[in-house]
Amino acid sequence: MSFLSATGMTGGYGGVDIIHGCDITVERGEIAVVVGPNGAGKSTAMKAVFGMLALRAGSVVFDGRDITRLAPQQRVRQGMGFVPQNRNVFVSLTVEENLEMGAFIRDDDISATKEQVFELFPVLAEKRNQPAGELSGGQRQQVAVGRALMTQPKLLMLDEPTAGVSPVVMDDLFDRIVEIARTGIAILMVEQNARQALEIADHGFVLVQGRNRFTDTGEALLANEEVRRSFLGG
Amino acid sequence: QEPVKIGMLQGFTGPTESLVKPMALGGEMAIKEVSDSGVFLGGRTVVPVRGDSTCIDAAAATAAADRLVTSEGVQGINGATCSGATTAVLNNVVRPNGIVMISPSATSPALSTIEDDGYFFRTAPSDARQGQIIGEILVAKGIKTAALTYTNNDYGKGLADSIQAAYEAKGGKITAVAAHEDGKADYSAEVATLASAGGEVLIVAGYLDQGGKGMIQAALDTGAFERFVLPDGMVGEALTDHFGKALDGSIGTNPGTDSPGASMLAKLAGGKGFKGDDPYVPECYDASALLLLAMQSAGSTDSAVYKDHVVKVANAPGEKIYPGELKKGLEILAKGGDIDYVGGTALELIEPGESAGSFRETVVENGKWKTVAYH
Amino acid sequence: MEFANAFALLANFVIVPAIAYGAQLALGALGVTIIFGILRFANFAHGELMSFGTMVAILATWFLQAQGIGIAPLPTALLALPVGVLGAVAVAVLTDRYVFRFYRRRRANPIVFAIVSVGVMFVLAGVIRIVIGPDDQSFADGARFLVTYRDSKAAMGIDQGIAVKQTQVITVMVTLVVVALLFWFLRRTRWGKAMRAYSDDEDLALLSGIDPERVVLIAWTIAAALAAIAGTLYGLDKTYKPFIFLQILLPIFAATILGGIGQPVGAVLGGFIVAFSEVTVTYAFKRFLAYLGPEGWAPDGLVQLLSTDYKFAVSFVILVAVLLVRPTGIIRGKVI
Amino acid sequence: MTRKVALYYGLMGLVLAGVGVFQSWNVAFGIANLCLISAVMALGVNMQWGYAGLFNVGIMGFTALGGLTAVLVSMPPVQEAWAVAGGDLFLSFLSLVATVVAIVFARRAVPPIARLPVTVLLIVAGYFLINRFFVPATERIEAIDPALSGYLGGLGLPVLIAWPLGGLVAAGAGWLIGKIALGLRADYLAIATLGISEIIIAVIKYEEWLSRGVKNVTGIPRPVPYEVDLVEAGWFVDLATRLGATDMAEAASLFVKACYLVLFAAVLAVVMWFAERALRSPWGRMMRAIRDNRDAAAAMGKNVKARHLQVFVLGCATCGIAGAMLATLDGQLTPTSYIPLRFTFLIWVMVILGGSGNNWGAVLGGFVIWLLWVEAEPLGNWFMTAVTAPLPGDSFLAQHLLAGAAYTRYLLMGAILLLVMRFAPKGLIPER
Amino acid sequence: MIKVEDVTKNFGGIRAVDGVSLEIQKGSITGLIGPNGAGKTTLFNIVAGHFPPSSGRIYLDGEDVTELQPHELFHKGLLRTFQIAHEFSSLTVLENLMVVPGDQPGEDLRHAWFNYRRVVANEERVRERAREVVEFLEIPHLENELAGNLSGGQKKLLELGRTMMVDAKIVFLDEVGAGVNRTLLQTIARSIQRLNRERGYTFCLIEHDMDFIARLCDPVIVMAEGRLLTQGSVQDVMNDERVIEAYLGTGRKHKRVSES
Ligand SMILES: Nc1ncnc2c1ncn2[C@@H]1O[C@H](COP(=O)(O)OP(=O)(O)OP(=O)(O)O)[C@@H](O)[C@H]1O
Ligand SMILES: Nc1ncnc2c1ncn2[C@@H]1O[C@H](COP(=O)(O)OP(=O)(O)OP(=O)(O)O)[C@@H](O)[C@H]1O
Ligand SMILES: CC(C)C[C@H](N)C(=O)O
Ligand SMILES: [Mg+2]
Ligand SMILES: [Mg+2]
């Protein structure tokens, strides 16, 4: 059994189902990337894994434990961290407070982790006392990722972390993600910058209309002509 | 036989809710007394039916009155509490349906001249009268200047106007007039203004458990005034209980006579666990009594018939009837005799069907009300 | 000398009362602003919550008085206050559990919460009146004054005295302590920050592992405790009467919003501004000027900007004017 | 959806009919009349909140303006007052105009730095100039038989004219207020409107020469016949007997209420038609877009300020019409009765409980809440009697509870409100 | 077409835009790039009238439009999208689009009340156009979905779609591509080109996807720290040392050697 294995997830927002029997798995130290067209259900699948969506069928097993019924805040305590796609910073809290909130469940000293985040995103150190709501779009995105890193999770879930960040920051971010993965953390992310993402991915999942269409290693997916044409922009 | 129903249309909720509590009990006490007597219209019973006139919401008061009259089928109304609601009910329910209404407490001078087709009475005097009496008392006591505050409604305003007019006509000087709103959180602004104008006494034409009390409190706390002149809405045990000796020397006036009726009522009420001398409690008792005595006199519960008997039973000639003696009154009437209902307020109805208003002058001594004269 | 008199006059009639009233409003506004800021809705039941807490405190006071327990010269009610706080907290937590939580789970619009709180307000109003009745209740004992008008006059040797009540001082002190504590709690402690985070974005708070129910519980506890304290102190200073608490809600909300929604310091500033504008704008300067002017002279009129009739109107004009300059309150508050 | 609407309205009709049968038709008609007025007010609020997201908590003020208009239109003029003070009033009006003109001119003429001081100076000067004529004039007016008159009176026109006119007056006030305050967001706008409505009430309360203030104006002429005249009118007695009525007083009273009912229903229908048409047209769509996101709407070419002002004025006008209707029905203007609980929050409760954004919902909310407001009282009494029935009659608890029966009105009102909101958290008839 | 003259914007102590002057030529597709927080969005907001600059002036076709409000600029043919999607969440997708046209008679109450026939006729036309846009965005199945329920990328598409509802003179696109699927983005790029060529729209777009920029834009303007860093053709800019250091990075160093 994989470190995280979500199998047969089916559910939606009240009315019709958005995802149908979706499977997603990640191992420790690996990076899994979910790609697919807009509205395919990628974010929905992430929310399902994180327990923010009631599943009609399927199960989520994390670290050998069935967590299908756990509330999101309990999953955080189990070691899951999540950066959602929209609304992913506390706008009226300062940058620093945002990071502290990321470490809410930790009781140990967080200053070292905070320094690491500032190192990764120097601009945040500069703006540490500014409310996050006053940041530029890309800066916010950096705060959001930083916030999730503060949790020191065992599984880090990122929903389009690079949307709106500049190329150089994106490169850094991907580097850092690889580094994090090397420390044994599992990474699950959704990306529209799919090419770059698949380049670093161990596994890729292509979701279409709420179903798994392709599942393979990142490399193989990049090599697949159909995938390239239909989802990666040629 | 069906019991006779009397509507108790009072401001149970809203700004007069605490005044109304004992009033309604007083009014219902008279009803029970009549009902228990066994001689009312050949042994019929009487029950009160409550309706909430809210004091401020004319529409809700009208709706409640409508319900009392057309749904509950009451044969007379004791109410309403406040002049505004009373006017609305009078125009929209009483006159259209031809039902007798006696208000214990609506004291606005405007109600003296309102068109009522003979269906409306009140056991409280118009404020116009009280103003004159206060003016006379002030002059008699040699008070040359006074500040004046009133609760900002038709009662307060009407009373304040009449006090000012009467007092100034007799040579006194009102240094400043400031309205106060009931139920507000703070009255220091009003007191500050009045203090700045000065005056030997402060006349407080308000309610004792409302803004009036707040004004006195603030005036005492800041040392702005030490003596107060307190018209009817302010006279009550609750005030002296609260302030004690701080009020010593203050003057009060309220409808009342040296007739023993008031103390008889107080005793009756005491047995029932409420105060018979709280404001408008005697008036309310009398209003109920008057309704029922008039029915007895007319031998009918039809408003159109008994409305003409109200003044008759209230005024001389006839045997004087005091609180607690309603049975006696009913018996006399049943035999075709004549009564002069005195009640708790020494009731005397003058044209156009309102209390003549004899007033009692009191002073506070040692933290207690003490009657000193009658006017 | 004359100058001293003028100052004493102003202090006695304007400054001291306005500070005391301002502190009372501020205490109420602090409770409102907590719920407004954290749970993001205007809680119209706050007035009744104050009333309820006070009622419980009064009942406890009566009990203590009957037992002969007291802390003279301080009012017994202070001893009973913890019971009042407990009562208010219990009610707040229960209403949250059985009323508000449902809407929270459904992500209802803030206005729905506000309307629901009107429902709670009605229910509480009914319960309070059924339990203790609509009447005035005086429950203050102990020494009323710290400095009476007469004593201060004698002590200072001038014509005008300054009266200071014990409750006024207590209220002001409590207000200052509470606002400092709250400020510290929200800005510096972990749970305080968690509460602000929650008020920003519930979902995201959830993702950070913040237990929303706990945040809500803390918010209600603080708000209800403040309500009970505010109500009891107000009742001690003025009087307890259920009907007043509906009326006092208006200036409290004015103070809250004027100060900036969700801002404790703003709530206090707002409270004082409302209080001072009510008391000063309509003040008649006649006596004051008479003291300052030449001997034996006094102005003819009252020297009053506007009659007290317009005191509320004026304070609202000031309020609107401030909002026009600072559209989200004195200290930049939340927009809900 | 429409079936649900029909069902709810059907139920509402049934309940009213039930009131008619079990209490009396007079009560039912009386309630229905106020339901209709409340519904008009609720429509006004719905336009502002439901369409455009404007948080107006100053409804009370606009309603009161409508009421004032009813007085100013329909009461007979007090000739004496005009005779003693008309000239001075005219002069003070002239001074007001002169002041305004002077300010406008001066602001154009002087350099920007001097603008503020000059304006303030002119305002102060104007204030004294106006008061010079105004104060003695009002004193003279108020001195005329203060117990009965003491004001200028009205125009002596039919009161029906006051309904649209009340709308206009409220609209005018709304325009002025909107100009000042509409830049504010949600709750901040709320407190501003609340404040302004308190100011309006203060003016009506204290400017006795205009409105008699707290001394109230009573006896506003009716647009429908008087019961006392009806019972004596041959045609009516004929008609009533033909219809099988026995009690003439009751029949007359019912007839009058029915007349009002027709009038109010007609107004509601007209307002409703306009409101629905507006909401269903691109205008409504634009308003909802503005409500959802001001910035985006502005970027899409919508003049957010102007639209807000427009819808605010429309809503205020609607409340003004309702206010004039209410004063007409009450037959009096009692300024002290304008309190926020009754005239602002209750209306808001109507809108939200009915379903904001949906006109049919708002109207239904108006009906439901008014019915509750009135019927909570007998229900409360009944409830307490029922509760205490098993207790021995003279037990302390029973006595205490019965003494508190009047306050069950609050309790029930609240409880039912909470229940309905629980069962329909988005309102009885949600926006969509 | 647009001339920005020495524009500065301060937020409290922060200077987001610092004395920027630039020009956007009629008929061009101008790219605006720069690191996060460079002040690009702020500049857009100023040009589109959302807030006034602290100093400096803006000209549209030679006319000073510095003081104009967003809606006035819209009616002058200036459209913009938002970086963080500003959908009308309680309107359906179709309604979101139908709101846009500025000259709808139905938005005037006089017509809505008294001339409904005209309103209906116009509605048909607007709906027709909205349907076309929905087709183009490949979300016809969501036509009646509330915009608030869309996925992140779909909201961005809708944002773009709104600019297609009217004939604009100049369109400002703020990161329309972020979060949009790359294949779809290519379609979008093609249609931008087409609008530019066939209808003469002028575009100014902020984007972080350099492929997209490279493919569409000429010239490219680079901002950094609130200032204008450089401008020129794509090649010039991409090879500029300062741009590489501040913005582009050396790239591709993160490529991971597969472990298997
Ligand atoms: N309302 C505001 N208050 C204070 N500072 C602000 C505000 N808006 C933006 N800023 C600051 O101005 C700077 C420029 O922001 P802007 O949004 O224009 O950047 P950008 O170039 O669009 O960046 P990105 O590519 O990340 O979207 C940032 O440093 C940001 O923190
Ligand atoms: N709150 C919601 N209520 C109803 N439907 C929703 C909601 N959120 C998303 N949907 C629908 O679910 C579908 C999938 O949405 P999701 O956000 O999972 O897409 P995605 O794959 O993340 O797309 P993108 O790449 O654009 O972010 C979309 O068609 C969307 O309309
Ligand atoms: C009981 C009082 C509040 C009534 C008052 N006398 C009035 O006429 O309004
Ligand atoms: Mg997504
Ligand atoms: Mg940006």
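A residue is called buried when its relative accessible area is under 20%, exposed when over 50%, and partly exposed in between, with a 1.4 Å probe and protein chains only. By that criterion, A:Ser43 and A:Gln85 are both buried.

Colleagues, a word on conventions. This is a predicted model, in which local features need pLDDT of at least 70 and side-chain atom pairs count only at pLDDT 80 or more, while totals for chains, interfaces and linings use all residues. Residues are numbered from 1 along each chain as its sequence is written, chains are lettered from A and ligands numbered from 1 in the order in which they are written, and side-chain values use heavy atoms, with hydrogens and water left out.

I return to the two residues just named. A:Ser43, through OG, and A:Gln85, through OE1, coordinate the magnesium ion, ligand 4, at 1.9 to 2.1 Å. The pair links distant parts of chain A, 42 residues apart: A:Ser43 belongs to helix H1 (residues 42–50), and A:Gln85 to the loop between strand E6 (80–83) and helix H3 (95–102). Helices (H or I, at least four residues) and strands (E, at least two) are DSSP runs, numbered from the N terminus. Donors are N, O and S atoms within 2.8 Å of the metal (3.2 Å for Na, K and Ca); water is not among the atoms, so the site may look incomplete.

Next, the nonpolar core, that is, a set of buried Ala, Val, Leu, Ile, Met, Phe, Trp, Tyr and Cys residues joined through side-chain atoms within 4.5 Å. The largest has 488 residues, and those with the most contacts inside it include A:Leu188, B:Phe228 and D:Trp348. Domain 1 (2–77 + 153–423) and domain 2 (78–152) of chain D both contribute residues, so this core lies between them; the bounds come from an automatic or database domain assignment. Another core, of 51 residues, lies apart from it, with A:Phe121 and A:Leu149 among its members.

Finally, chain E holds an open sheet of 4 strands, in the order E2-E1-E4-E5, with antiparallel pairing.

Note on methods
Pairing = 2+ DSSP bridges.
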